[in-house]
Amino acid sequence: MHEAAPASLSHRSAPRPLPGSSSGKAATMNRLGKKANETLIEMALSADDDIAILTKFKPSQSEGEDCNGPETISTAGSEIPSSSEGLNSTETTLLIPEHQVQSGRKYNLFLKRRLRIDKRHQSKDSIFFRDGVRRIDFVLSYVEDLNKEWEKKLERRKEFESNLQKAGLELETEDKKESEDGKIFFVKIHAPWEVLITYAEVLNIKVPIRENDIPPMVENPLDCVLFPLRLPEKVMHPEPDYFTAPFSKDKQELYLINDESTFFSPSMRNRIVNYILTRCPYGTEEGKKKFGIKRLLNNGTYTAAYPLHDCQYWKKASDPNCDSERYTLYMEWARFLRFYKEQPLVLIRKYYGEKIGIYFAWLGFYTEMLFLAAVVGLICFLYGLFTMDENMSSKEICDPAIGGEIIMCPLCDRDCEYWRLNTTCESSQYSHLFDNVATLFFAIFMGIWVTLFLEFWKRRQARLKYEWDLVDFEEEQQQLQLRPEYEAKCTQKKKNPVTQEMEPYLPLTSQAVRFCISGATVLFWVSLIIASMIAVIVYRLAVYAAFASLMENTQTLQPISGVLTPQLATSVTASCLNFIIIMILNFFYERIAIWITDMEIPRTHVEYENRLTMKMFLFQFVNYYSSCFYVAFFKGKFVGYPGAYTYMFNRWRNEECDPAGCLIELTTQLTIVMAGKQIWGNIQEAIVPWICNWWGRRKARNNPENLYSRWEQDHDLQTFGALGLFYEYLEMVIQFGFITLFVASFPLAPLLALMNNILEIRVDSWKLTTQYRRPVAAKAHSIGVWQEILNGMAILSVVTNAFIVAFTSDMIPRLVYYYAYSENEDSPMSGYINNSLSVFLISDFPERNEPKENPENFVICRYRDYRYPPDHEKRYLHTMQFWHILAAKLAFIIIMEHVVFIVKFFVAWMIPDVPADVKAKIKREKYLTQKILHEYELEKLKERLCQGDKRATEKEFIATEGRMELSRAM
């Protein structure tokens, strides 16, 4: 085990307010004296697979064991009461008369059993063993299904539970007769002190060592203004601050240990027990050693494994020893009416662990930063709204004397008719809401906002690492912990060059084959997305003529024909169809991604999560953004011109943009996909778990609350799996892409995201607190690989927004016309629409393109492009203005990208990743660590000298004292 002294000291909140070090030291010395002769857990290396497990543990007989019987307690032999004998009159009133329905007899038996048990034991809502002393740290459940696998499962459970006891855990079994449905067995697990201190050292858990003497931060002058947003101090900081250090069994008197039962918080306890459960063996099958609770859950030996919530979420626990933290989280955090309040991050971290705590810290910070982007975006939108009537382009389009006299070429072959430009009056006005000068400003602003968000999050994350004892925590600590699946599937072994120990490994040839299969599968699914996007494009091309004909011939649609144009109808229906396809592909690919990641057999949990994250994000990126990329950068760009149109698959004519530009269509696409995803995500996250829980507990609701045990209540909840947080991050990162990659087309996107995230925080907290079992606590010092993904998207967003402003909006053509081609000094933008439309001679139409009818005998029609007229010597070739506009677009992209990137890098350089006060506090704690540990060693040497220990020489004493002086000087 770890013999070296802890090397660093961190700042954290202790599990419970503790007394001064003097009383704690006395209590600790008494405890050490009492348990000096006890045998602790032994770590054994198996000769077969070198898997480190605890297989031999000889716990001493505790005081509670004398009066409570052996560690494993089963009520299998208890008889069902045949009458209400022994029940008082109040209890008997709960019974259903047996002459009513047959189901009443079964319910009566359940009530009689429960009432009789409750008269002998504590409340069924308790989180303790029957002795009321030992805390339930974990619960396993199983059902005895009498099939051909029954005996094998029974043997596995027997072996597994026996090995858990050998590892030092204490078990207590609840017979199926005591369960609500009479079918489920529950195995309650308790980790005694000896197990906790052993694994606290193995897992490098930090515990209180001294009260924090660093002065608190200077009060913010805005605190009085932000007071309505604050939570009570006892909720935000439920415990005093302490300096902490990694736990060491050999130095227990160094720590502030007052009560062994509460020294380790419940989240620490369930993390330790889960560590043992994932590595405990249960036998040998097919010549391979099998181990781990995950495999037992997969093969049906157990149906569930979970730690307990500490109380019901809507009321406090009746047990005074329970902190009722779940109730506090629900009342102060998980209710939507508290949406304007800050989050109790310290309590979240204490109850759920650092990994979940860091997610909610990131989500809360992201939401706070969105407020600024939402305000600026709303101002840009209002600018477009208030200047709508001043837009010269839409005025000319709507003017009957200008737009009403311009005859446009048909938008499809044969079936479409000639149409007048002023029919797009309303859509051109709405387009100005998003396609105006403010668009350019907002695109540049969001490029800088992204940098500020990421840099300030690094600072916030650094502060959390200090406050949550994660300064010395590195991912390498998790890298040392191999996945049990890796250890089980990798039968070959080689010597680790660092540890010089034999460990399992996956041969290079096997890795290559698995990566090839994995890569081919990912490419196939990405190709499937692209194929589905092409299918949607074909749909857009095929149905446009149908919409045009329908709106032309249907009288009921005439009143809205000005707003609902064929282009808009096609865009909206195609966007909805695309969203449905996205959801279907997501459903299947999530399962495929997990399967191929499992097939790769990643070495560690961190490696597994990173590989799965990259696969899922690549797929989701293509799935969600491909349609937006098509509308932004391809639609209307490769159309050709009348008489020489370009066709997809030589059959469907490519789409044209609206005369007012494609930006309004990109806005429509973005709004439907983004809003639809957020609405569907909230339905999945909130309504579906609620319905599942309601359905599962519909019978239990008829039972009195005091008869419905805590482990049964939690068993009926949904499981928050190992990938639960993964999906939460993925949802938010996809949203982050919508508000950054295409924000130039929709300034209201940050506002929609802000409203969604305010709801998202409360939905996530509500479902985690009320609808899901308590997750196993896990440590994490950052948001992991998602940070790199966000950095990549931030850089890509500058490029995409520059291209959207240049090629999708009409800003650059308008500016070129304003400065180079305008002939009216009083109104420089007048004549722009006529200038942006080219002329085509109808007689030049080939038979394939010519409309079937021309009732008004039009001679020419107009189309959106910059080409010479038919009477010019360069007829239908691009004009010089086209090349001027193209050069201006490319110059704009280069200038905008360079300006934004320079500002981004300058801002990132100016803002340090770690705040100066946090750096100072970390240095202060390191100094105090050395001082405290050296003083401790000096005291031990003095005791040994006083006791006449010959090994404690005077030179050793002088050397230790000199090291203390050197530490002070440094």
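Q: What does Asp917 form a salt bridge with?
A: Arg463. The closest N and O atoms are 2.9 Å apart. This is a predicted model.

Q: Where do the two partners, Asp917 and Arg463, sit in the chain?
A: Asp917 is in helix H31, residues 916-946. Arg463 is in helix H17, residues 437-467. The pair links distant parts of the chain, 454 residues apart.

Q: Is Arg463 buried or exposed?
A: Arg463 counts as buried, at 18% relative accessibility. The cut-off for buried is under 20%. Asp917 counts as partly exposed, at 27%.

Q: How many salt bridges does the structure hold?
A: It holds 29.

Q: What about Arg134, which residue does it form a salt bridge with?
A: Glu170, with 2.8 Å between the closest N and O atoms. Arg134 is in the loop between helix H4 (102-120) and strand S4 (138-143). Glu170 is in strand S5, residues 170-174. That puts the partners 36 residues apart.

Q: Are Arg134 and Glu170 buried or exposed?
A: Arg134 counts as buried at 11% relative accessibility. Glu170 counts as buried too, at 7%.

Q: Which residues do salt bridges with shared partners join into one network?
A: Arg130, Glu172, Glu174 and Lys188.

Q: Now Glu161. Where does it lie?
A: In helix H5, residues 150-166. Glu161 is buried, yet it has no salt bridge.

Q: Why no salt bridge for Glu161?
A: The nearest side chain of opposite charge is Arg157, 5.4 Å away.

Q: What does the Glu161 side chain make a polar contact with?
A: The side chain of Tyr302, at 2.8 Å. Leaving aside neighbours within four places in sequence, Glu161 is in contact with Tyr142, Leu171, Val187 and Tyr302.

Q: Switching to packing. How many residues are in the largest nonpolar core?
A: 135. Those with the most contacts inside it are Trp362, Tyr366, Trp449, Phe453, Tyr625 and Phe738.

Q: Which helix supplies the largest share of this core?
A: Helix H14, residues 354-386, with 16 residues.

Q: What is Phe738 in contact with?
A: Beyond neighbours within four places in sequence, its contacts are Tyr624, Tyr625, Cys628, Leu670, Val673, Met674, Lys677 and Val743.

Q: What other core lies apart from the largest one?
A: A core of 37 residues, among them Ala167, Leu169, Leu196 and Ile197.

Q: Zooming out, how many helices and strands are there?
A: The protein chain has 32 helices and 21 strands. Of its 970 residues, 52% count as buried.

Q: What share of contacts comes from residues 24 or more positions apart?
A: 78% of the contacts with a separation of 6 or more.

Key. Residues are numbered from 1 along each chain as its sequence is written. This is a predicted model: local features need pLDDT of at least 70, side-chain atom pairs count only at pLDDT 80 or more; totals for chains, interfaces and linings use all residues. Side-chain values use heavy atoms; hydrogens and water are left out. Helices (H or I, at least four residues) and strands (E, at least two) are DSSP runs, numbered from the N terminus. Buried means under 20% relative accessible area, exposed over 50%, partly exposed in between (1.4 Å probe, protein chains only). Contact means heavy atoms within 4.5 Å. Lys and Arg count as positive and Asp and Glu as negative; His and the chain ends are not counted. A salt bridge is a side-chain nitrogen of Lys or Arg within 4 Å of a carboxyl oxygen of Asp or Glu. A polar contact is a pair of N or O atoms within 3.5 Å; within protein, one must be able to donate a hydrogen and the other to accept it, and residues adjacent in sequence count only if both atoms are side-chain atoms. A nonpolar core is a set of buried Ala, Val, Leu, Ile, Met, Phe, Trp, Tyr and Cys residues joined through side-chain atoms within 4.5 Å.
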